[in-house]
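Please keep the sequence and the structure in view while you read.

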Amino acid sequence: MSGNSFIRTLRGLMSVGVLSGVILLTGCATPRHGQLKAVDTIIHGGTVYDGSTDSPVTADVVISGDRIVYVGPDARTRFRARDVVDARGMIVAPGFIDVHTHPDTYVRSKDADMRLNAPWLFQGVSTVMIGVDGGGTPDVADEAAWFREHGVGTNLAAYVGFGPVRKRVLGMSSRAPDPQELERMKALVAKGMCEGAFGFSTGLFYAPQSYSKTDEVIALAHEAAIRGGIYDSHQRDESSYTIGLLASTREALEIGRKAGLPVHIAHIKALGVDVHGLAGELIKLIDAARRAGQKVTADQYPWLASGTSLGAALLPRWAVVGGRSELLRRMADPKQLDKIRTDVRENLRRRGGSKSLLLTTADRSWTGKTLQQVATGWQINPVEAALRLVRKNRRVQVASFNMAEADVRKLMRQPWVVTSSDGNDGHPRQYATFPKKYVKYVKKTGTVSLVDFIHRSTGLSAEIVGLDKRGYLRKGYFADVLVFDPEHFAPKADYMHPRVLSAGVVDLWVNGRKVIADGSLTGAAPGRFLLHTPTAGTCQ
């Protein structure tokens, strides 16, 4: 019998209460059942990384209901479990927390199997943040009710987003709100926070949020501050599009300081040839703010290509004021089209050229080709190819190769940077971010230690967002627990094959229920829509 077959057989014996296998493994007698406290699961003998910066220990983790009830040695001398999992040789950690995701294709699907959110589960992720980039609805209670009714595999936690708030009051207009409109927007942010949002998110790079002035954002962020939330932002410029990377970072810090809440910078990066090498300056800005007492953190994905739409990457913001119909009208005007061409050409240079944009929208004739390859095939220049794609498609997804390896590593080493996927359709980060970071930046290059990788994918992430009793393997905490194989935990997706599940997750529990067992989905959907508790007295 092979080693794996032996372990599976042993697990089967243990799951029905036959403990002789335990005696063979330990070489010691087991007390009578009546002396042991009944629990659901004992995860035995794994190398436990508890989510903190402490060194790992060999220990058992015990689950009863939706909680961890014990972490320590010799659990089988204290507890009797329905399921005993042999985790020897495996790493046991808290389920990973992805603080910046776009999982709508999965979690909002009508298909219950899709709602299991398998791309994240097979990375070891048990909780994802949604409503990022300013996309979160203020109708948080309705969101929570929908997910309670339909079920989901991972936990979800939401932000209230600037985009829906501004659109609800001002549409796609580029103007500033008048005092009454600003009050309506503030009320929507307050509503979202009082219904359980964890903070206020913005995507100031994207229209119509990009039309806002800093004071408008501060006023809205203050509503989240009052109620104990954080400010999470895809900042206004990660490159040299408008105010520049460093000025944009100063703006994010100013918003947090004046609004009175922690700042979290989403998918921190130096994007594009004009800002490569600026990671050090970016770090100095944030470190100075932290030394001055400001709470500032960031998240990062371990890829050299970002993922966005072709329009967001190349079109000037003035051209999309009023939405798609207005964009197409402007593109039909020869004078305005010439100006759009000029701006697209400059944005394409900024992004590293037409060979740096890989088209990733699924099931199109041009899927998997660069913009340069498409242009060559159509016998037109890349600017005209981009405009043709924009005219004929409402959204064209791209992987944009625009980051420098040295910047990525420098940012990754910062103790205030946690892991995120920014996972969206068509980019391998949706399926492979956490194992990618583990294989490339922990095992191969040693950019970060395994302890730091786990801490900054679990415990620190939970603290930043404000997730209660999650992110650590501790007594009384929710049982989001991951067992992975340190030799085989690895990404399988790449840019040409972005939808391939990662390998190496052996077992995963969400709220005490197994969602992956022996490397396969169980079909369980125990995820919860997590709610933030607002500061007492701030919600009527």
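Helices (H or I, at least four residues) and strands (E, at least two) are DSSP runs, numbered from the N terminus, and two strands are said to pair if DSSP finds at least two bridges between them.

The model is predicted, and for that reason local features need pLDDT of at least 70 and side-chain atom pairs count only at pLDDT 80 or more, while totals for chains, interfaces and linings use all residues. Residues are numbered from 1 along each chain as its sequence is written, and side-chain values use heavy atoms, with hydrogens and water left out.

Is strand E11 buried or exposed? In strand E11 (residues 230-234), 5 of the 5 residues are buried, so the strand is largely enclosed by the rest of the structure; here buried means under 20% relative accessible area, exposed means over 50%, and partly exposed lies in between (1.4 Å probe, protein chains only). Ile-230, Asp-232 and His-234 point one way from E11, whereas Tyr-231 and Ser-233 point the other way, and all are buried.

## The sheet around it

E10 and E11 are part of an open sheet of 6 strands in the order E9-E10-E11-E12-E13-E17, in which the pairing is parallel. Strand E9 (160-161) and strand E17 (417-419) stand at the edges with a single partner strand each, so one side of each is left without a neighbour in the sheet.

Further along the order, strand E12 (residues 263-265) and strand E13 (residues 296-300) run parallel and are joined by 3 bridges, with Ala-298 in E13 as the bridge partner of Ile-265. Helix H8 (residues 214-226) packs on the sheet and touches E10 and E11, and its direction makes about 150 degrees with that of E10. Contact means heavy atoms within 4.5 Å, and angles run from 0 to 180 degrees between N-to-C directions, with axes being lines fitted to C-alpha atoms, for helices over the stretch in contact.

## An antiparallel sheet

An open sheet of 3 strands has the order E14-E16-E15, and its pairing is antiparallel. Strand E14 (305-309) and strand E15 (357-359) are at the edges, each with a single partner strand, so one side of each has no neighbour in the sheet. The twist averages 30 degrees from one strand to the next.

E14 pairs with strand E16 (residues 397-401) in the antiparallel sense over 5 bridges, and the bridge partner of Thr-308 in E16 is Val-398.

## One disulfide

The structure holds 1 disulfide, a term that here requires a pair of cysteine sulfur atoms within 2.5 Å. The disulfide joins Cys-194 to Cys-539, with an S to S distance of 2.0 Å, and the torsion about the S-S bond is about -90 degrees, so the disulfide is left-handed. The pair links distant parts of the chain, since Cys-194 is in helix H7 (residues 179-194) and Cys-539 is in the segment after strand E22 (529-530), 345 residues apart.

Cys-194 is partly exposed, with a relative accessible area of 30%, and Cys-539 is partly exposed as well, with a value of 28%.
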